[in-house]
Amino acid sequence: MKLSFERVKWPLAALAAGILTAQGLAPVNSALAAAAGLLAIACVFLQSSTVRQASLVGWFYGVGYFACGLAWIVEPFQVDAAQTGWMAPFALIGMAGGLALFWGAGFALGQFAGRGAMRIVTLIGAWGLFELARAYVLTGFPWAGLGQLALNKGGLVLLPWIGAQGLGLWWMASILPLSLVLRRQWVGILALLPLGVICFIGQRLPPVVEMTEHKVRIVQPNAPQDEKWDQQKRWIFFDRLLNYTAAEGDVDLVVWPETSAPGLLNYLHDPMLQMLDAAKGTPVLFGVQREERGEYFNSAVVLKDSVTDLDIYDKMHLVPFGEYMPLATLMSKIGVFGLAARTQSGFAAGGEQGLLDLPIGMALPLICYEGVFAQDVARSAQRPEVMILITNDAWFGTRSGPQQHLVQAQLRAAEQGLPMVRAANTGISAMIDPFGRIVEQIPQQQAGFVDAILPAALPKTVYSQTGDWPALVLATLCVLAGFVVRDHSRST
């Protein structure tokens, strides 16, 4: 049986709309492309006549979006291409297809709950609900969320109030109803309201922020991942870190990236003596792996006055398939292990989240992947004065991955109203103010350091107290409103 054009044109249209929307993510950051993609998928969705068709529209759209937006995910598999390179296409296809299931389910619920023009309202709510689910279910993976599209001044101002999930709802509410205008259903003009709001409040971001008297030295060694653990080269990178740490200038804290120390903490007595000598009495926060009772941890360690005067934070939110393998026993039988794992079972998760008492204030330590999750930032009972994120973005390649990771650090800073110190192995290292703006940075693929003045924290934001609950309630109300209108129309 021949496959007619009519049966393939809407999946291709949905796929193309997803690719177009993904151009709103870093590094392209095109608001116009993101808006055009969202408008296009809303028009395709309105052509759906069944729940099944709507779910496929959402799934094809998600595949296009995630395959394009998460293309960097093949990079970690190329570090040791001979061993893991074969996994790269399967990882990208599996990730795009798997994440697209959430969007397919959202589009199906939007179709099922809504009738007429209300289908756009129910789509906004249902899509928003499944975006929230994507951020939390199975440890969550909110990377490439709609709130990360073309982040601008208006978005930064909204984040302290509604967070990244709420900003994603704003994108939907601003663009999707315009599809009704194209069908001459003039109620869609209401989309101009959220568009107007963002344009207005975007001018209200303060041009400057109050600064503290503290200064932080952020160090970036620029160690490529395929050379980072080489027996000879790793000491070259370590010497580079020492030289930058010993450079002239008075600072209150030196911050090195994730796993910047060349070996297990258990065996770094002499290297830590070198660090103490280079720092000249200034505390150094550095990333390192350590072993305790047969378990391995990815840790952030503060070295103060001696090699025994250490504060240690062990990473709690580990990267699945990277730092540990789900179903590790089964996977080991077929020879599949975590990309960064030291043992077959991978790293162990830290037991509790505590703040570090540093010369710059009470600091919330975050390691790499933890900066992606709003809930990880909010889990400390005591409000910190600063967040410190150490990461090794060499795993993400040199294109979109590191830049998208940086955007998510900006989201966390703005949501909480807290400054963030971000030290990345190959970049982009940065000082981020509590409005989410980059104050100082070291470009990607460049070795160096920057002495950055620490911005002052803002009072507690609304989002820091409510989290994603308002977004959840609003999305749920949109879906429930569709059911009410649908049932009322049936009864009449």
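**View 1. Strands E1 and E12 side by side.** Strand E1 (residues 211–220) pairs with E12 in the antiparallel sense, over seven bridges. Strands here are DSSP runs (E, at least two residues), helices likewise (H or I, at least four), all numbered from the N terminus, and pairing takes at least two DSSP bridges between two strands. Look for isoleucine 218: its bridge partner in E12 is valine 450. The model is a predicted one, with local features needing pLDDT of at least 70 and side-chain atom pairs counting only at pLDDT 80 or more, while totals for chains, interfaces and linings use all residues. Residues are numbered from 1 along each chain as its sequence is written, and side-chain values use heavy atoms, leaving out hydrogens and water.

**View 2. The open sheet that holds E1 and E12.** Six strands line up as E5-E4-E3-E2-E1-E12, and the pairing is mixed. At the edges sit strand E5 (310–314) and strand E12 (448–455), each pairing on one side only. Neighbouring strands are turned by 35 degrees against each other on average, ignoring direction. H11 packs on this sheet and touches E1, strand E2 (253–255), strand E3 (284–292) and E12, its direction making about 155 degrees with that of E1. H12 lies across E3, strand E4 (295–303) and E5, at about 170 degrees to E3. Axes are lines fitted to C-alpha atoms (for helices, over the stretch in contact), with angles from 0 to 180 degrees between N-to-C directions; contact means heavy atoms within 4.5 Å.

**View 3. Helix H11 against helix H12.** The axes of helix H11 (residues 233–245) and helix H12 (residues 269–279) come within 8 Å and cross at roughly 25 degrees. The two are therefore roughly parallel to each other, a label for angles under 35 degrees. H11 brings Trp235, Phe238, Leu242 and Thr245 to the contact, and H12 brings Pro271, Gln274, Met275, Ala278 and Ala279.

**View 4. A second open sheet, E6 to E11.** This one also has six strands, in the order E6-E7-E8-E9-E10-E11, again with mixed pairing. Strand E6 (356–358) and strand E11 (438–442) are at the edges with a single partner strand each, so one side of each has no neighbour in the sheet. From one strand to the next, the twist averages 20 degrees. Three bridges join E6 to strand E7 (residues 361–367), and the two run antiparallel; aspartate 357 has methionine 362 as its bridge partner in E7.

View 5. Helix H15 (residues 400–416) lies across strand E8 (386–391), strand E9 (420–424), strand E10 (429–432) and E11. Its run makes about 165 degrees with E9.

How values were computed:
Angles under 35 degrees count as roughly parallel, over 145 as roughly antiparallel, 65 to 115 as roughly perpendicular and the rest as oblique.
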